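Visitor: I am new to this structure. Please show me how to read some of its features.

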Amino acid sequence: MLFGTASTGEAVEKITIGDRDLTVGILTWGAIIHDVRLSGVDRNLTLSADAMADYEGELLHHGSLIGPIANRISNARIKLDGMMYELERNQDGRVHLHSGSQATHRRNWMVADHSDNHVMLSCELPDGSCGLPGNRVVTVTYRVEAPATLVMEITGTTDATTAMNFASHPFWNLDGSETWAGHQVQIAADHYLPVDDFCCPTGEVADVTGTRFDLRQLRTVVPSEDQFDHNFCLSERNVPLRDVVTLKGASGVTMVMATTAPGLQVYDNENAIRLGRQAYEGLVFEAQHWPDAPNHVGFPTIIVTADESYTQTTTWRLST
């Protein structure tokens with residue numbers, strides 16, 4: 001069905017997939033996860049908007065698939081095969097954030113395949129787009145499987161050495177409440193990345209023990225006290241799919257997130273506020289590689305070549 005019209009004049013479609021236990025609405029714009037509805041729960045479990053203009057404005061990151069480089073590159077440049085590439089400085093005049101104005105979440109993706117329970121979308125990034133080399137093709141498949149699980153599979157190919165680090169960016173509030181107060185969180189990470197004043201990693205890989213980042217056991221998180229815009233270090237490379245996050249609302253709705261990715265950016269929604277709402281409305285869990293990897297020896301690489309594709313699988317399993 002038609003969702004709206006982008007400022008480019010393109011028609012943006014909304015495609016609903018699912019079964020009797022879980023239905024998910026996907027927009028072609030930005031490959032956005034627009035709504036997630038669990039049987040027996042009378043609300044959308046993600047934060048969304050009904051107007052296309054919102055997704056080109058304040059809510060450009062809500063639910064979208066961000067790339068080719070999600071998160072931050074601190075000096076807004078990257079070296080590939082001995083060549084330095086200058087990237088857009090769209091945060092504080094010095095940091096490259098979420099791939100800038102040409103990113104995948106600012107594009108209308110093509111529907112490559114579709115059935116009742118899945119949709120495959122594709123996006124082409126020509127050589128030089130987002131400041132990076134390579135003619136790139138990115139595909140994402142969303143699929144609903146029993147029991148009440150949304151599966152996301154991302155593949156990226158290139159004809160030249162480039163960089164890829166994709167992240168899905170839904171905001172979750174399992175209670176439909178004004179903020180995420182009362183939610184409990186568990187994250188399977190022993191280490192996290194401290195950040196500087198620009199939210200870029202300092203290079204330290206810090207132990208979570210004794211800090212607010214120790215979420216290895218399920219505990220209640222508190223808005224403004226538990227402040228997050230940090231990467232949790234899940235592993236040092238891609239690994240087989242494993243559970244990494246448990247999010248439980250006060251209402252009893254629970255989400256378990258699994259991923260193959262080595263990192264997890266957690267964001268508390270202090271900013272990016274929906275019109276008429278307040279800060280800390282939803283929590284974001286972005287499976288990805290560690291941010292600013294090209295500037296830190298030892299961080300998992302985000303370099304992709306013509307001989308090896310980028311892949312990520314992430315799932316969200318919901319229950320009451």
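**Aspartate 19 and its surroundings**

Guide: Apart from neighbours within four places in sequence, aspartate 19 is in contact with Val144 and Ala146, where contact means heavy atoms within 4.5 Å. This is a predicted model, in which local features need pLDDT of at least 70, side-chain atom pairs count only at pLDDT 80 or more, and totals for chains, interfaces and linings use all residues. Residues are numbered from 1 along each chain as its sequence is written, and side-chain values use heavy atoms, with hydrogens and water left out.

Visitor: Where is aspartate 19 found?

Guide: Strands are DSSP runs of E with at least two residues, numbered from the N terminus. Aspartate 19 is in the loop between β2 (11-18) and β3 (22-27).

Visitor: Is aspartate 19 buried or partly exposed?

Guide: Buried means under 20% relative accessible area, exposed over 50%, and partly exposed in between, with a 1.4 Å probe and protein chains only. Aspartate 19 has a relative accessible area of 29%, so it is partly exposed.

Visitor: What is the distance between aspartate 19 and glutamate 145 in space?

Guide: Their C-alpha atoms are 8.0 Å apart, while aspartate 19 and glutamate 145 are 126 residues apart in sequence.

Definitions and conventions. Helices (H or I, at least four residues) and strands (E, at least two) are DSSP runs, numbered from the N terminus.
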